[in-house]
Amino acid sequence: MPWILLVLAGLFEVGWAIGLKYTEGFTRLWPSVGTVAAMAISVGLLGLAMKSLPVGTAYAIWVGVGAVGTVILGIVLFNEPANALRVASVVLIVAGLIGLKLA
């Protein structure tokens, strides 16, 4: 169960990272409300997962899921470049996340 909470926390991190783009510096009410809610949920789920997972592993997985998801959505939603080096870097992050899960 803590791993599920941790992955959900990472997905909510993606939500607030992408949401920041839509808040326009927190000048738009509803995108700002959604972003702040996603932040609170993300950190709350991370805290619950850390009750039984090592802090270093949990934090690294949380950040990694958030980073990978944000890069992917940046490519899809904002036409950010998807060159070979970026894709290879994301693959390396995913490999690191898998390694931490297995360790």
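Of the contacts in the protein with a separation of 6 or more, 66% join residues 24 or more positions apart, a contact being defined by heavy atoms within 4.5 Å. The model is predicted: local features need pLDDT of at least 70 and side-chain atom pairs count only at pLDDT 80 or more, whereas totals for chains, interfaces and linings use all residues. Residues are numbered from 1 along each chain as its sequence is written, and side-chain values use heavy atoms, with hydrogens and water left out.

The protein contains four helices and zero strands, and its pattern along the sequence is α-α-α-α. Helices (H or I, at least four residues) and strands (E, at least two) are DSSP runs, numbered from the N terminus. Taken along the principal axes, the box filled by the C-alpha atoms is roughly 40 × 35 × 15 Å. Of the 103 residues, 28% are buried; this class denotes under 20% relative accessible area, with exposed denoting over 50% and partly exposed the range in between (1.4 Å probe, protein chains only). The accessible surface comes to about 6100 Å², and carbon and sulfur atoms hold 77% of that surface. Accessible areas come from the Shrake-Rupley method with a 1.4 Å probe, and for residues only the protein chains shown count as cover.

The loop between α1 (2-23) and α2 (29-49) contains E24, a residue other than glycine with a positive phi of about 50 degrees. E24 is classed as exposed because its relative accessibility is 51%. F26 is also found in the loop between α1 and α2. Although not a glycine, F26 has a positive phi of about 60 degrees, and its relative accessibility of 45% places it in the partly exposed class.

A nonpolar surface patch of about 640 Å² is formed by M1, I4, V7, L8, L11, F12 and I41. Such patches consist of residues with over 30% relative accessible area and no salt bridge; nonpolar side chains (Val, Leu, Ile, Met, Phe, Trp, Tyr) are joined within 5 Å, and like charges within 9 Å. Helix α1 gives the most to the nonpolar patch, contributing five residues. I4, one of the patch members, is placed in helix α1 and counts as exposed, since its relative accessibility is 52%.

Helix α3 (residues 55-78) includes T57. The relative accessible area of T57 is 17%, so this residue is buried. When residues up to four places away in sequence are not counted, T57 touches W3 and L100.

Helix α4 (residues 84-102) has 19 residues and reaches 27 Å from its first C-alpha to its last, close to the 27 Å expected at 1.5 Å a residue; the expected span is 1.5 Å times one less than the number of residues. The N-terminal end of α4 is capped by N83, a side-chain oxygen of which lies 3.3 Å from the backbone nitrogen of L85.

Side chains of opposite charge can pair when their charged atoms come close. The structure holds one salt bridge, defined as a side-chain nitrogen of Lys or Arg within 4 Å of a carboxyl oxygen of Asp or Glu. This salt bridge pairs R86 with E80, and their closest N and O atoms are 3.7 Å apart. R86 is partly exposed, with a relative accessible area of 26%; E80 is likewise partly exposed, at 31%.

How values were computed: Polar contact = N/O pair within 3.5 Å; in protein donor to acceptor, adjacent residues only side chain to side chain.
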